Amino acid sequence: MQRSASSFTPFPLNLFKASAGDLENTVRTRAKSVIEPLPKAPESIRAARRMMDSYGRTILDLRISVTDRCNFRCVYCMEPDVQFQPPEALISPAEIARLAKVAGSLGVRKIRVTGGEPTLHPKLEEIISGIRQTSGIEIAMITNGSLLTREKLARWKRAGLDRITISIDSVRSDRFSKVTRSTTTPDDVLRGIDMCIAEGLTPLKLNAVLVRGVNDDEAVELAGLARRFGVEMRFIEYMPLDSAHAWDAAQVVSARETREAIEAVFALTPTNADDPHSTARTYRFADETAGQIGFIAPVSEPFCGACSRLRLTADGNVRPCLFSTKEWSVMPLLRGGASDREIADFLIDVTWTKLAGHNIAAPTFVQPQRPMSAVGG
Ligand code: SAM
Ligand code: SF4
């Protein structure tokens with residue numbers, strides 16, 4: 001769905017308290033994707049015991065949304081009155097651990113714990129330690145950084161968390177509250193960054209989404225965080241995954257535009273060290289100051305050809321792609337006595353359905369009903 005720039009309506013400003021207990025148990029009624037019978041992958045593919053799709057890509061990276069709830073309402077992500085799944089609909093820590101074990105046996109090497117806001121989950125430590133039981137998996141988490149304390153970080157690290165990514169879309173207080181519609185301040189998040197580094201939850205990455213007319217003039221200040229903390233600051237293009245379905249192509253700030261704005265102040269050099277499966281293209285500072293800048297350009301330069309990711313929603317649906325309009329629930333298997341082998345076959349079959357890619361810019365593009373917060377960004 002694309003609208004012209006002239007039909008852009010400013011985001012409403014509603015402030016939410018950044019606490020863990022302010023969210024109601026309400027049922028999402030309009031986020032159902034199409035449910036179809038899951039086709040079987042060919043026997044030769046199932047026999048390989050790897051998650052391979054029909055384009056030759058292999059899944060190495062599983063993203064798990066542990067909750068669809070959040071204490072922020074970022075303008076590009078959640079509407080103020082977004083509705084959440086009731087807790088009983090969510091996949092449990094034991095079910096996540098089992099799925100991680102099966103995914104690990106099929107070659108997954110990295111699990112990213114995400115949401116919604118994962119730090120709101122009352123059993124986050126149990127989730128991390130459950131995933132840790134599968135050896136050889138890197139466990140990363142992405143958070144809005146508002147609820148971090150040294151004590152919590154130390155507990156998650158002891159449970160097995162390897163590293164953290166923190167989202168920060170503005171360093172200006174008034175703007176931060178407008179973007180996140182929360183009472184958290186940029187200083188709260190900056191303190192969280194310091195704490196993660198002190199706890200060794202590194203390499204730490206920072207994420208920002210620039211939205212035209214909202215924070216598109218802040219690329220240089222945000223890039224400055226990479227230099228200040230010696231970390232990677234990544235700019236993600238705004239994608240049509242907002243719960244309001246109000247995404248407008250005119251609001252997307254391309255990676256190229258962001259890079260040019262940063263380069264007007266800080267010269268950048270490509271690192272040429274990107275993992276071929278990485279979503280980001282990374283640059284270092286030409287003056288050799290520590291820190292890096294990453295650009296994730298799913299809208300202007302889709303990178304589906306190297307995709308190695310599968311996603312699990314907070315209510316137990318496996319999605320072949322961020323932009324899928326189809327997904328399949330693993331819950332009947334997890335709760336119905338299925339064997340690990342049957343769950344593995346299910347994951348292999350879902351992977352086989354992966355499409356070649358998406359093209360957000362195409363007129364035929366259909367925004368999935370599920371927002372980013374439910375899909376596991
Ligand atoms: N709440 C956590 C956070 O904000 O980091 C984790 C979940 S959030 C869905 C994961 C990432 O998705 C964040 O970096 C966020 O900025 C990004 N994101 C959310 N909606 C997006 C959108 N419509 N387009 C691009 N990125 C988006
Ligand atoms: Fe919450 Fe993250 Fe979405 Fe912002 S981007 S509303 S912090 S889930």
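These legends describe close-up views of a predicted model.

Local features need pLDDT of at least 70 and side-chain atom pairs pLDDT 80 or more, while totals for chains, interfaces and linings use all residues. Residues are numbered from 1 along each chain as its sequence is written, chains are lettered from A and ligands numbered from 1 in written order, and side-chain values use heavy atoms, without hydrogens and water.

**View 1. The shell around ligand 1.** There are 17 residues around ligand 1, each with a heavy atom within 4 Å of it. Tyr-76, Gly-116, Glu-117, Ser-167 and Met-239 come nearest. The shell divides into eight nonpolar, seven polar and two charged residues.

**View 2. Backbone atoms facing ligand 1.** A polar backbone atom of Tyr-76 is 2.9 Å from a nitrogen atom of ligand 1. For Gly-116, a backbone N or O atom lies 3.0 Å from a nitrogen atom of the ligand. Thr-143 has a backbone N or O atom 3.3 Å from an oxygen atom of ligand 1. On its own, ligand 1 has 540 Å² of accessible area (Shrake-Rupley method, 1.4 Å probe). The protein covers 97% of that area.

**View 3. The residues around ligand 2.** Here we find Cys-70, Phe-72, Cys-74, Tyr-76, Cys-77, Gly-116 and Asn-144. Five are nonpolar, two are polar and none is charged.

View 4. Why is Ala-41 counted as buried? Its relative accessibility is 4%, and buried means under 20% relative accessible area (1.4 Å probe, protein chains only). Leaving aside neighbours within four places in sequence, Ala-41 is in contact (heavy atoms within 4.5 Å) with Arg-46, Ile-348, Asp-349 and Trp-352.

Conventions. A polar contact is a pair of N or O atoms within 3.5 Å; within protein, one must be able to donate a hydrogen and the other to accept it, and residues adjacent in sequence count only if both atoms are side-chain atoms. Ala, Val, Leu, Ile, Met, Phe, Trp, Tyr, Cys and Pro count as nonpolar, Asp, Glu, Lys and Arg as charged, and the others, Gly among them, as polar. Buried means under 20% relative accessible area, exposed over 50%, partly exposed in between (1.4 Å probe, protein chains only).
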